[in-house]
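This report describes selected features of one protein model and its ligand.

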Amino acid sequence: MAIERTLVLIKPDGQKRKLTGLVIDRLDHAGFEMIATRIVPVTRKLAEAHYEALKDKPFFQNLINFFVPTKNFKILAIVYQGENVISEVRKVVGATNPEAADPSSIRGSFGRISSVTGIMENVVHASANAEDAEREIALWFRKEDLPE
Ligand code: CMP
């Protein structure tokens with residue numbers, strides 16, 4: 001099995017609710033190796049590029065507004081590396097819809113669906129597959145921030 005890399009972002013709801021430490025702790029206890037971190041100022045342009053595949057969804061603008069709550073908002077981005085790390089991290093994180101996520105997962109424990117916007121406020125983003133992981137890591141990290 002090849003060694004993979006995956007991107008984890010602490011989303012604005014996770015940061016607002018002080019869940020950053022808990023997310024890192026759960027991923028740490030699951031045995032994942034963190035190889036890079038970066039606190040990134042998140043512009044609408046970056047958010048729109050990150051969620052490009054969803055640009056035709058009816059909830060896209062609400063998603064961007066949720067992801068970029070203020071002008072100078074910063075997001076903690078983390079890269080984990082290991083065998084099967086993309087799918088293994090997603091198991092710990094849980095399903096996108098917090099109401100469908102395993103209650104023991106991060107999203108199942110702490111996520112919610114906004115009653116105002118309908119956005120799934122699910123605490124953390126984790127890359128879905130190898131192609132997304134490569135694209136997303138390149139968006140959030142400079143080459144020199146990452147080990148070879
Ligand atoms: P994330 O894993 O970061 O990737 C896309 C995000 O869009 C997702 O988490 C949710 O925050 C949000 N999302 C995905 N599908 C829906 C949906 N059907 N309704 C509302 N929000 C969604």
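## A side-chain contact of His50

The side chains of His50 and Trp140 are joined by a polar contact of 3.1 Å; such a contact is a pair of N or O atoms within 3.5 Å, where, within protein, one must be able to donate a hydrogen and the other to accept it, and residues adjacent in sequence count only if both atoms are side-chain atoms. His50 belongs to helix H3, residues 44–50; helices are DSSP runs of H or I with at least four residues, strands are E runs of at least two, and both are numbered from the N terminus. His50 has a relative accessible area of 2% and is therefore buried (buried means under 20%, exposed over 50%, partly exposed in between, with a 1.4 Å probe and protein chains only).

## Basis of the model

The model is predicted: local features need pLDDT of at least 70 and side-chain atom pairs count only at pLDDT 80 or more, whereas totals for chains, interfaces and linings use all residues. Residues are numbered from 1 along each chain as its sequence is written, and side-chain values use heavy atoms, with hydrogens and water left out.

## The ligand site

The ligand is surrounded by Lys11, Tyr51, Leu54, Phe59, Leu63, Thr96, Arg107, Gly118, Ile119, Met120, Asn122 and His125, where a residue counts if one of its heavy atoms lies within 4 Å. Six residues of this shell are nonpolar, four polar and two charged (Ala, Val, Leu, Ile, Met, Phe, Trp, Tyr, Cys and Pro are nonpolar, Asp, Glu, Lys and Arg charged, and the others, Gly among them, polar).

A polar side-chain atom of Lys11 is placed 2.7 Å from an oxygen atom of the ligand. For Arg107, the distance from a polar side-chain atom to a ligand oxygen atom is 3.0 Å. An N or O atom in the side chain of Asn122 likewise lies 3.0 Å from an oxygen atom of the ligand. Of the 460 Å² of accessible area that the ligand has on its own, the protein covers 81% (Shrake-Rupley method, 1.4 Å probe).

## Positive phi values in two loops

Lys18 has a phi near 60°, a positive value in a residue other than glycine. Lys18 lies in the loop between helix H1 (12–16) and helix H2 (20–29), and is exposed, with a relative accessible area of 69%.

Val123, also a residue other than glycine, has a positive phi near 75°. The loop that holds Val123 runs between strand E5 (120–121) and strand E6 (124–126). Val123 is buried, at 0% relative accessibility.
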